[in-house]
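Biologist: I'm new to reading protein models. Could you walk me through one, feature by feature?

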Amino acid sequence: GTGKTLLAKAVASESGVHFMELKASEIISGIPGATEKMMGKVFDDAKENAPTILFIDELDSIAFKRQDRGTNEFLNTPVSELLKNLDGLNVRGKVIVIAATNRPNSLDPALRRPGRFDREIEVGVPDKGGRLEILKIHTRNMPLSKKINLKTLSNITHGFVGADLEALAKEAAMIVL
């Protein structure tokens, strides 16, 4: 909701490199060995299409603290496989892995070791000015009444993120229709 995926896509676009997204829901499987195979394929595709930015959304769903899940190796498989693939990137610099999470405290500490995820950037909730810009983007193709004051809306939507403001604009348009 804060635009993490959009930021990763913008970095890839501005850099002129291939962009790939790894979604946990698409690679986690109940079939033994399937998760490892699918994750390995994603990393192999990233290497083949290098230079690539590989974006992993909802990192916490595949890279949770292993001790939180007990000793069940089946549940720890996605974390171990991700670490193996990160360590196996011998094309460093040609494949950049960016990941996003809303729950940084639930991540396995091994992800923060050098050579894996070296930088952490917090993408916070937008301020008034940021909310105004987001509202302008989501209403730019809408015929707005003179009574609509986007600046006032940005002032009263404290705590809203981009996804919330987009939903607000869409819902307002649907009500008018």
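**Reading the pocket and the helices**

Modeller: Let's start with the lining of the largest pocket: by class, it has 16 nonpolar, three polar and nine charged residues. Here Ala, Val, Leu, Ile, Met, Phe, Trp, Tyr, Cys and Pro count as nonpolar, Asp, Glu, Lys and Arg as charged, and the others, Gly among them, as polar. Keep in mind that this is a predicted model, where local features need pLDDT of at least 70, side-chain atom pairs count only at pLDDT 80 or more, and totals for chains, interfaces and linings use all residues. Residues are numbered from 1 along each chain as its sequence is written, and side-chain values use heavy atoms, with hydrogens and water left out.

Biologist: How do you find a pocket, and what is the volume of the largest pocket?

Modeller: Rolling a probe the size of a water molecule over the atoms shows where empty space is left. On a 1 Å grid over the protein atoms alone, a pocket is an open set of points where a 1.4 Å probe fits, with protein on both sides within 12 Å along at least five of seven lines; lining residues have an atom within 4 Å of a point. The volume, the space filled by probe spheres set on the points, which are joined across faces, edges and corners, is about 870 Å³ for the largest pocket. Of its 28 lining residues, the closest to the centre are I98, A99, R119, E120 and I121. Both α1 and β3 (95–99) supply at least two residues each to that lining.

Biologist: Which residues of α1 are buried?

Modeller: The general idea first: an α-helix has 3.6 residues a turn, so residues three or four places apart point the same way. Helices (H or I, at least four residues) and strands (E, at least two) are DSSP runs, numbered from the N terminus. In α1, the buried ones are K4, A8 and A12; buried means under 20% relative accessible area, exposed over 50%, partly exposed in between (1.4 Å probe, protein chains only). Seen down the axis of α1, its buried residues fall within an arc of 80°, so they line one face of the helix. That arc is taken from the directions from the helix axis to the C-beta atoms. On the other side of α1, L6, S13 and E14 are exposed.

Biologist: Is T139 buried or exposed?

Modeller: T139, found in helix α5 (residues 128–139), is buried, with a relative accessible area of 8%. Leaving aside neighbours within four places in sequence, T139 is in contact (heavy atoms within 4.5 Å) with L144, L150 and A169.
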